[in-house]
Amino acid sequence: MNSVEAKSIFELTIPARGHESVGRPAPAEVIGGRRLEVNVLCTNVPATVRAMERAVEFARGLNARVHLLVAQQVSYAAPLETPPVAVEFQEALFRKIVQSCSVETRVDIFLCRDAEQTFLQHLPRHSLVVLGSPKRWWPTREERMAQRLRRSGHEVVVVF
């Protein structure tokens, strides 16, 4: 399979604020050459906010950091550098969402043709992934994505 066409347009790391307490464990260990991360995949803004809240709880408990991956899909009819939503708007929106977190958080925004393939390409092997989804009685697009991520070897938590 060919590599996925994706372009990283924004990376932001915000250190943890608040919640420093006496007896707090040391920063997360480096496991297999990388820090322990709780990965959140942006599906839509309300679902992502719920997923971020749950990911922050997990990250505090695991003494890890949160990594938010945003895949902004661009139509094949348009050049990859011209997303349907302005880059500045995306940056401001996700900066605002992340600044309320109480753990170290990293945000990566990608311009891409296929969001799911971009997520699969940029998630480290055997990642812990939190995914927000609307509550429906039928399987949602996000739940189907969670199944594909699990088949790829990731641990996935779906937040409704």
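Me: Which residues does A115 touch, not counting residues up to four places away in sequence?
Reply: This is a predicted model, where local features need pLDDT of at least 70, side-chain atom pairs count only at pLDDT 80 or more, and totals for chains, interfaces and linings use all residues. Residues are numbered from 1 along each chain as its sequence is written, and side-chain values use heavy atoms, with hydrogens and water left out. Contact means heavy atoms within 4.5 Å. With those neighbours in sequence set aside, A115 touches A71 and Q73.

Me: Is A115 buried or exposed?
Reply: A residue is buried under 20% relative accessible area, exposed over 50% and partly exposed in between (1.4 Å probe, protein chains only). The relative accessible area of A115 is 9%, so A115 is buried.

Me: How are the rings of W137 and W138 arranged?
Reply: Rings of Phe, Tyr and Trp (its six-membered ring) pair if their centres lie within 6.5 Å; planes under 30 degrees apart are stacked, over 60 edge-to-face and the rest tilted. By this rule there is one aromatic pair. The ring centres of W137 and W138 are 5.4 Å apart with planes at 90°, so the pair is edge-to-face.
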